Every structure is written in structure tokens, then in C-alpha cells.
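My notes are below the display.

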Amino acid sequence: MLLFVLKRLLYVLPIAFGVSVICFTLVYLAPGGPESALIPDNTPPAVAAQIREAYGFDKPPPVQYLLWLRRVLTGDFGTSITTRRTVISEVMPAMLNTFKLAGGAVLLACIAGIALGTLGAYRNGRLSDRSIGAVAIAGISVPQYWLGMVLVVLFSVNLGILPATGMGETRSGIWDQASHLILPTLTLAVVPAGLIARSVRSTVGEILNQEFVQTLHANGLPPLRVFHHVIKNAAPPALAVIGLEFARLLGGSILVETVFSWPGTGFLLNSAIFMRDLPVVQGTVLVLAMFFVLTNVLVDILQMAFDPRFKRARAATGAAR
Amino acid sequence: MTDQALDLPVAKTPRSWVRRPRSYWGGVATRLSRDPVTLICAVILIAIVLAAIFAPFLGLEDPYKTSIVRRLKPPGTPGYPLGTDELGRDLLTRLIYGGRLSLLMGFIPVLVATLVGGTLGILAGYAGGLVNTAIMRTMDVFYAFPSVLLAVAISGVLGGGVVNGLISLTLIFIPSIARVSESVTMQVGTQDFVDAARATGAYPHQILLGHVLKNVIGPILVFASGLISISIVIAAGLSFLGLGVSPPQAEWGLMLSTLRPTIYVAPLNAILPGVMIFITSMCFNLMSDGFRNAMDVKA
């Protein structure tokens, strides 16, 4: 167990290195490179050279990468070109807001997805199972940014009961803030709910077909106790999907945050892209990707803790590298 | 065929079975033809694709002709069956024309990513060893990014536009296709018929093209078909953010974004482009499920 955790954690290092290289390269993909936003076209060559030297752009890329990495490791992600504040002070509050949204959404998605998936598996092949399947597939197909607009039309425009954008003032009370959370959370929850429902449906369905369930029934165990055993076996794979979805929501809520003007990382990234604020783009992507990597590791470890069989399965398929 | 078989006396059934030994793909086709959901989705998708391809010959309005006086006419207005947009352009026309870019931006990335990712994955799975490590560990790094984030970041930094959107979408699909290809290739590669071929002295390229490819292509295609709906949704999302297609081009995501401010005045018009994205994406998902079942792929 400990060895597995250590190995899994060690494997983060090369991935993190690769992620940092991609994030570093990202700004070089920009037309004109990283200096384009800093040096206007009509800058005198002498001044331009001065700026280049100040930012270290005159050195070869690998050296620049190492210098950049050293700064990043000490928590210095650079300064925003538009606001002149440190990138970290821009990203962290946004991260907190994204966490609120993603946390609520994944909770909602879990409840809906697990309930629907389990119900579907128990009603195997009947109308309710097939309807749940249809709802789930609609859930995973829906463009979230469109769903957000539809919900705004329903609840803000027609009914006028929920705010359409923003996140509310801290001083205007808890309800105001909560009401701003409802629509974006709901929007964000639909796709993961569909994915979780489909995954739970197939896992529970497979477990119900296994012999031990029949044996438990034959031994006269009450259905609720049998259900307990089923749940215990279905939990680890479900946990994996849920963890992955949470990680994805953290990085993938850009569109929903834009629709609802929710001041999270996605909104920050979007506005940074349009202001050509490359340090903020780089910092946000790096922080989000690192969270994604760490969440994935955490899920693997948790899954392992829940179900030791998992280690063997992973070793067999060679997926645990 | 089935109805006929049911009418026949029982004794004759085996004969018809003997007469038509089905190939694997024949079986797949038969199973597909008996799946109403897949068929309906196929019909809807074919209709959308054909309408998009032949849009100029359908006698539609000019998709770029604006008019201040007929802005935001509600759906059902005579002459404008689905109403008009914020610049007075006919919405039905623009939705049909919009399918061209939206579908292309959904298809091309998956197509290119399947070719590139599939090749990389099959190579990695078949060669093993150092080649596998080099290819798959590189893929792992790209896998460490949430896909929407990577697509937005890459196309955003590159400066938006259709081509940059296509590049970023292709990049986010390569790793997952490579992973699936690698794992199915490894499964096939350990089977006896591959060993047998090797024992009879077949060259690696003969084994790869003659035996491995034939057996891995099905699962890879099924997996890739499931990505088309995601690609369409993310591609439209890029345009929605202003990173893909640029105005006045017709594209569903961009139309959704330019109509968004009118949500309080003409909510129905504003939502229509999204309905197209939703229908297309859902049909692709249902079809992919149908193919998966018909081909009996577990992936």
C-alpha cells in the first residue's frame, strides 16, 4: 500500500515536469512570442533590448525555462501585464471561486448520477431503465454554455427568481450569494451527472449479474443487506469517475463561468486571453493542470485504499504507470 | 428478412442459416439495421449534413444579408420560419449554413487525431519497450490537462481563428485515441494468431497490417466516433468564446454568442443555435452507442 502510494507520487514528478514544459512553451506559441505584449511595435530598439534583458528574453530558451522554473517553484508566477498585480494573487481568489462551483456541481452530479444509475441497473431493461439511459445520454451531449443560457431564460427572464450573472455581494447576505450559485452549479452538474449515471449503471449492472449476489439472495439475506454488498463493490469504480469529473470541472468550467460571469479561473483565463495577458494565461493553466494531476493521483490512492483488488487489476492492464 | 423467416416452417430455418453465412461486418450491419434509435439518428444527421453541403442550392436567403427593420423577428414570422437574428438575417438560413463550419470543426479534429493518435498508439502497443515508453509517456503529459482548458489555452494563445481551433482540438484528442489504440493493440498482440504468424516467419509489417490492424480498427473507430460529439460541442464552445470562427461567418457557437445579449428580448431566437449543437451532439452520441453495441466492443 505504502509502496503503491510512493510509486504513484513519484510518477507525478515526470508528469509535472512535462506539464511545466508545455506551460512554458505555451507563451512561445503566441504570435510574436512572450515579448509581443510587452514591447509595442514602435518601441526604439534600445528600449526593446532593455526590456528583453530585464525579462531574460535575450537568453536561449532552455536557460529561460530553468530561470522560469526556479521562479515558479518559489511561488513567483510573474506579474499580470494588465493589472500589474502578481499572477498568484489573481489566480488564487479565482481558484477559490471555481472550487465553490465545481464542488457544488460534483456533489449534485454524484447524488443524481448514483441514484439514477443504481435505479437503472435494478430496473434492467424496463422502461424506467431505458428512460434513465436516454436522460443520461442527453446529459452528456448537452453543450453546457447553451444549457446555461436556457436556464437563464427560464429562471431569470421568465420567472425572474434567480440572478443571471455574477456572484453576489458578501455583505448582502447568505441568500444572495447562494442564489447566484444555483444556476451555474446546476449547469455544470448536468454533464458529469450523465457520465456518472452511465458508469454506475454499467458497474452495478455487472455486479448484479455476479454469482455472489444470487448466493446472498439464496441465503435469504434481505434485499437491503444485499444492496449494501452491491454498493460496496460498485463504490471504487464510481469513485474514480467522480474524482475525474471533479478534476475536469476545475479546469473545464471556462464556458459556464463565461456565461454566468462567475469570477473563477475560467473567467480569468478567458479575459486574460483577450487582453493578451500571457503571464496570467500561463499561470492559470499551470495551476489548473497541477490540480488536475494531483486530483488524479488522489483518486488512484483513494481507490486503492477502498479496494485492494484494484492494484492487481491495474498491474495486469499496465495502467498504473 | 426476419418477418419472412418467422412465416417459414421451422424446419426451413437452418437452411437459410446455412445459405447465408454472415461475415462479422455483415452481422454488424444487420444488428444496426434493427436498431431504430441508431437509424433515426443517422437519418437526422444525414439530413443536417446534406442540408449543410447543398445549402446554396436550397433556395435560401442570403445568410449575410442584414436588415435593421426586421431584426429579431420571432420564429413563425411569414418568410422567416425560425425568425431573424440580431442583425435581421434569416435564422433558418444561417442555421443551415452554420452546419458547414460547425460540422467541419467537429469532424476534422477527430479524423486527424484518429490517424495520428491511432498510428502512434498501434506503434507503441506493437513495438513495446522504449518506443512504447517514449510515445505513451509523452501522451501522459498531454493527458494531464483538462481537455477544454488545453483547447482554450492553445487556440487562445495562438490567436483564435478556424485553423488554430482545429489545431488545438486535434491536439486534445490525440492522447486519448493513442491510449485506447495502445491498449487494444497490446491485447491483440498477445493473442495466439499473432504468435503463429510470427512463428511462420511473417515480417513485422505483415503482422501489423495483416493481423493487428484488422482487429484493432473496430474498437478504435468506435472510440473515435464517441469523440465527434465532444468535438462539435467544444468547437462551437471555442467560437462561443470568440476563439474560433469570426463574424459574420455563420457557425452555431458563434451565433449563440452573438445572440446571447438578446436573451431578454428574444429568448427563443437566442437559444436556437444551441438546439442545433445539442441535437447533433446527441445524435452522434446515440449513434456511437449503437455502433458500440452492434460491434460488441467493450471500451
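These entries go from domains to helix packing to chain totals.

I am working with a predicted model, where local features need pLDDT of at least 70, side-chain atom pairs count only at pLDDT 80 or more, and totals for chains, interfaces and linings use all residues. Residues are numbered from 1 along each chain as written, and chains are lettered from A and ligands numbered from 1 in the order written.

**Domains of chain A.** I looked up the domain assignment (automatic or from a database). Chain A has domain 1 (2–73) and domain 2 (91–320). Their centres, over C-alpha atoms, are 33 Å apart. I found 15 residues of domain 1 in contact with 14 residues of domain 2 (contact: C-beta atoms, placed from the backbone, within 7 Å).

**Helix pair.** I took helices as DSSP runs (H or I, at least four residues; strands are E, at least two). Helix α5 (residues 127–141) of chain A packs on helix α12 (residues 267–295) of chain B at about 125°, with the axes 9 Å apart. That angle makes α5(A) oblique to α12(B) (under 35 degrees is roughly parallel, over 145 roughly antiparallel, 65 to 115 roughly perpendicular, the rest oblique). From α5(A), I137(A), A138(A), I140(A) and S141(A) meet residues of α12(B), among them F278(B), M282(B) and D289(B).

**Chain B.** I counted 12 helices and zero strands in chain B. Its C-alpha atoms fill a box of roughly 75 × 60 × 30 Å along the principal axes. In chain B, 69% of the contacts with a separation of 6 or more join residues 24 or more positions apart.

Definitions and conventions: Contact = placed C-beta atoms within 7 Å. Axes fitted to C-alpha atoms, helices over the stretch in contact; angles between N-to-C directions.
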